[in-house]
Amino acid sequence: MEPGGLEWLLVPVQQLVSWGAAGAMVFGGVVPYIPQYRDIRRTQNAEGFSTYVCLVLLVANILRILFWFGRRFESPLLWQSIIMIITMLLMLKLCTEIRVSNELNVKRRSFADFDLNYFWHWSKFTDYVQCVLTFTGVTGYITYLWLDSSLFVETLGFLAVFTEAMLGVPQLYRNYQNRSTEGMSIKMVLMWTSGDTFKTVYFILNQAPFQFSICGLLQVFVDIAILLQVYLYSHYPQKPVSHTAHPASTKAL
């Protein structure tokens, strides 16, 4: 069979693979939060999930969307940010409602109090929405003023992906402090590593802005470092260090 005779088959197959990769980029990041959302809703207990994860991912993805206005990149990456923002808001809404319902005789806190001691620990979901809208409005206005500056736009893109890339560092440091990875799901870490590896390869193959590739590689290195901790602390137990127990953190793929 002549090489050209397979084109009718290869072209749709390549298209399907491209669509599949784009779909994985758009929705892959929120997949770990679906079972977590269901578990929190079922148990009515949100102590195992840190809402600061939502804060980091909201900031990172809002900055990424603003970066898109200065330097257009792949549409799936833009939709990934939109889907992640919606997911984090849903997680915040659920966690806030459950936390407030479990708190008795506790003074209600709001975003309008402007009390840094209670930042991101408010009593109503609407306060989080106000904070997110304020941050979006301020950063959006600054971006509008500096949109013609290539230095500002590139810095904005770096801050967006670097913020997300650092999401696994607190877990890495916590493991180091405790000299243990007890209570942390190895399957989850493997999901992080495979997801971040896929994402980084996607960035490189689709010639995404260099900030994406660099910070993607950084995420993979952090994931590998956590996997090394799992191996070292399980095969070579360290002297336990007295720390208050913390639930394992969660990050995006």
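Is Cys-131 buried or exposed? Cys-131 is buried, at a relative accessible area of 12%. The model behind this value, and behind every value below, is predicted.

## Overall fold

The protein has nine helices and zero strands. Read from the N terminus, the order of elements is α-α-α-α-α-α-α-α-α.

The chain holds 253 residues, and 39% of them are buried. Contacts reach across the sequence. Take the contacts between residues at least 6 apart: 77% of these join residues at least 24 apart.

## Nonpolar core

The largest nonpolar core contains 48 residues. Which of them have the most contacts inside it? They are Tyr-33, Ile-40, Phe-49, Leu-77, Met-88, Trp-120 and Phe-212. In soluble globular proteins, nonpolar side chains tend to be buried together.

Phe-212 shows what such a position touches. Neighbours within four places in sequence are set aside here. Phe-212 then contacts Phe-67, Phe-73, Leu-77, Val-161 and Phe-203, and also Arg-64. Leu-77 is itself among the core residues with the most contacts. Arg-64 turns up again below, in a salt-bridge network.

## Cysteines

How many disulfides are there? The count is zero. A disulfide is a covalent bond between the sulfur atoms of two cysteines.

Cys-54 is a case in point. Its nearest cysteine sulfur belongs to Cys-95 and is 6.1 Å away. The cut-off for a disulfide is 2.5 Å, so Cys-54 is in none. Cys-54 is buried, with a relative accessible area of 0%. Cys-131 is buried as well, at 12%.

## Arg-109, a buried charge

Where does Arg-109 lie? Arg-109 sits in the loop between helix 4 (75-102) and helix 5 (125-145). Arg-109 is buried, yet has no salt bridge. The nearest side chain of opposite charge is that of Asp-115, 4.1 Å away.

Arg-109 does have a polar partner. Its side chain makes a polar contact of 3.3 Å with the side chain of Tyr-118. Residues up to four places away in sequence are again left out of the next list. Arg-109 touches Asp-115, Tyr-118, His-121, Trp-122, Ser-123 and Asp-127.

## Salt bridges

The whole structure has six salt bridges. One of them pairs Glu-154 with Arg-71, the closest N and O atoms being 3.2 Å apart. Glu-154 lies in helix 6 and Arg-71 in the loop between helix 3 and helix 4, so the pair ties together parts that are 83 residues apart in sequence. Both partners are partly exposed: Glu-154 at 23% relative accessible area, Arg-71 at 31%.

Lys-93 and Glu-97 form another salt bridge, 2.6 Å from N to O. Both residues are in helix 4, four residues apart, about one turn of the helix. Lys-93 is partly exposed at 34%. Glu-97 is partly exposed at 42%.

Lys-199 and Asp-196 form a salt bridge too, with the closest N and O atoms 3.6 Å apart. The two residues are three apart in helix 8, about one helical turn. Here both partners are buried: Lys-199 has a relative accessible area of 3%, and Asp-196 has 0%. The pair belongs to a network. Salt bridges with shared partners join Arg-64, Glu-164, Asp-196 and Lys-199.

## Thr-143 in helix 5

Is Thr-143 buried or exposed? Thr-143 is in helix 5 and is buried, at 4% relative accessible area. A polar atom of the Thr-143 side chain lies 2.7 Å from the backbone oxygen of Thr-139.

Beyond its neighbours within four places in sequence, Thr-143 contacts Leu-66, Phe-152 and Leu-156.

Notes:
Residues numbered from 1 in each chain as written. Predicted model: local features only at pLDDT ≥ 70, side-chain atom pairs only at ≥ 80, totals over all residues. Heavy atoms only, no water. Buried < 20%, exposed > 50% of the residue type's maximum accessible area, 1.4 Å probe, protein only. Lys, Arg positive; Asp, Glu negative; His and termini not counted. Salt bridge = Lys/Arg side-chain N within 4 Å of Asp/Glu carboxyl O. Polar contact = N/O pair within 3.5 Å; in protein donor to acceptor, adjacent residues only side chain to side chain. Contact = heavy atoms within 4.5 Å. Core = buried A, V, L, I, M, F, W, Y, C linked by side-chain atoms within 4.5 Å.
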